[in-house]
Amino acid sequence: MGKSRARRFRRAPFSPAGPEQRRDGEGDPEDEPAAELLEKLQHPSAEVREFACASISKLLQQQHIIPAFLQRDVVRCLGPLLMDHSLAVRETAAGALRNLSACGGFEVCDDMVTKDIMTPLVALLKECSTGLDANQLSPKKCRVMNKNYIEDIANEAINLLWNVCECNNTAVSIFNKEGCLEAVLHCMKKFSTNVDLAISVANCLQAVTEDNPDLLSSFNASAQQVLETVLLCPESTMKHILLRTLIAGTIWNIKDSIPPGSLGSMVNAILKIFSEVLTIDTGETIIHMHEAERNRLKLTAGAETEENMSDVIDSSVLSEDDNMEEIPKGKVRRENDVSDLLPSDKWELKEVTALLMAQQTALEIIVNMCCSEDPSDDEWEELSSSDESDLFMENSYNEGSGLLMSPLCLSDEVNSAFLNNLIPKKILEKTAFPNSIALDICMHNPSWKPLIKKLNAVQCRALTCLHSILLVSDVDCLGGASALQSLAQHLSQLVFSKTELLVDTEFLEAITSALRALLQTMASKNISQCMTPEQLLALCEAGIHSSNASVRVNVVSILGISGSVLAKGQDTAETLKMIGKFLLEVAMKESSLVVAGEALDALFDVFADGKEAEKAAVQIKLLPALKEFHPVFKMRMRKEGKGQYSTDQLCVLDNVKMNLRRFIAYQETLGKTPT
């Protein structure tokens, strides 16, 4: 059914880890606190309102409690508090709504927009933007105990805006019409003193600029200058690297608004950012940062021990000599004394998390840069079709393989920028498994354990990048047969060195997509394949049981590609029999018509020609099986096709149905041909 479509990544809304799930048999004990807390939102005391907002914010992180609050119209209760006279209430109300949007998902975000959350949110953002200037002139008015309320409120509000715009097109339209861009860019200007706020703005900008041509006209020279200033900032912390990566994604999204004469230099700057972030060794960074955390905690504990000892000594001295001058209160023991000299709690973990998010984001943007079209999510997941991309690759995943890849569609200056930054080599390096020592650190430290999922996500994104590049590169640019065979060995090692990963859906989809594209390229040029039939069947046995239809499509396509190559060889009938039986079973029993169609297409390829294929076809009784299945397949298309599959998918399936009839006729002629 042709080449697979290159995947286009869409940014997912923030979702906190580990929300509690409702247990079977429980009632609704949350109804009572929900009603009580929502009532307190109307209390005349700002402290009571703040407490209620904070309590609601905490409860809304538990998904099973959200319905109780929605039933009591929590959005309309909290919305007006975004403009409360108390800054503390504004912040906690925005935080509660942020958690609701993050934990509630798309439907809740739609409901929030329907209930007009955007009106007070836009007003709050504009006040924050104005307040940032007032804060700069009179900082004491907006600061309490070293807390900057205006910036903290802005941070919560922008995260809320990000979540609802990510999920709801109406929110994006309101963002465009109400001139929110100016307000959020004003917040971005605080990047040198408040990088967390800037990262929130960058996340929001990347979301609202994706596929939003109506916003392009708002990115005038002044707006672009703000983005360029952030892109070129020299700070080297992981948070700043993440910030620059997100801004690079935003600039790519608005590239049509950039003057042609400046586009080349801007793309070069973007790719330089990607090169910077992908160069960093995440495994070594985890090891280094974990050691830094241990040293910091030891230092903190040591300082506290010394102060405790000082307390004891001072007390004993005082008891021995009552005439000694009394030590003033607060001078002996200072709370959090060491924190004045050391970074905030868990800053090392936050740095590593920022790095992994930056790498994942960079890889996703590169994949999107490869997509010349914007297929729907369903299309790229299940539809097999040809595609064009704009990327090239240079160098290899290991020394000496000579893998070179060249772009097809981007301008010469963009291609040159891609080459100069050596990004492809770094992509291939990221396809390797994470550092075992770093993994061990994460496994044995509860607070670091969530990094394992992020490490695996980076590897999967790198494999998807490789898939996108393979789709558009010719063999000469790929480095020739030896380079492709080396790459095939590398991917085979990834598949079979850790068999437990064959149940990981995300990894399976990424690795099978890359393998499919690679084997397709090798087969088209008659390059011998390195994977044994046994390895292929083992991979396909694992993949065909995946709940992900894309994985199932990939594995049957891989079998079809490999089988068609084997059919041209000698003494391969036994292997072709195994492949044929496997594909027949998939075609007849598969629940998805798209996967069943792919299996039939693979059968056509494997048994299209060759004496070994003819021999195997007779032995597995391919012709009678297909003749019996033909009316079943047509009936399934009539019953299941409409409403379940896209127009493009149905078009492909119609071709499969027509080819099935032709293939049956072809097999019948083979049976009549004298041997």
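Trainee: Is Glu 156 buried or exposed?
Mentor: Buried means under 20% relative accessible area, exposed over 50%, and partly exposed in between (1.4 Å probe, protein chains only). These areas come from the Shrake-Rupley method. Glu 156 has a relative accessible area of 17%, so the residue is buried.

Trainee: What kind of model is this?
Mentor: Residues are numbered from 1 along each chain as its sequence is written, and side-chain values use heavy atoms, with hydrogens and water left out. Local features need pLDDT of at least 70, side-chain atom pairs count only at pLDDT 80 or more, and totals for chains, interfaces and linings use all residues; this is a predicted model.

Trainee: Which residue forms a salt bridge with Glu 156?
Mentor: A salt bridge needs a side-chain nitrogen of Lys or Arg within 4 Å of a carboxyl oxygen of Asp or Glu. Here the closest N and O atoms are 3.3 Å apart. The partner of Glu 156 is Arg 98.

Trainee: How many residues apart in sequence are the parts that Glu 156 and Arg 98 tie together?
Mentor: Helices are DSSP runs (H or I, at least four residues), numbered from the N terminus. Glu 156 lies in helix H8 (residues 149-167) and Arg 98 in helix H5. The pair therefore ties together parts whose separation in sequence is 58 residues.

Trainee: Which helix gives the largest share of the positive patch?
Mentor: Patch residues have over 30% relative accessible area and no salt bridge, and like charges are joined within 9 Å. Lys 634, Arg 638, Lys 639, Arg 661 and Arg 662 form the patch. Two or more residues come from each of helix H30 (622-644) and helix H31 (647-672). The largest share, three residues, comes from H30.

Trainee: What is the relative accessibility of Lys 639?
Mentor: Lys 639 has its place in helix H30. The residue counts as exposed because its relative accessibility is 65%.

Conventions. Patches are made of residues with over 30% relative accessible area and no salt bridge: like charges are joined within 9 Å, nonpolar side chains (Val, Leu, Ile, Met, Phe, Trp, Tyr) within 5 Å. Accessible areas come from the Shrake-Rupley method with a 1.4 Å probe; for residues, only the protein chains shown count as cover. Lys and Arg count as positive and Asp and Glu as negative; His and the chain ends are not counted. The place of a charge is taken as NZ of Lys, CZ of Arg, CG of Asp or CD of Glu.
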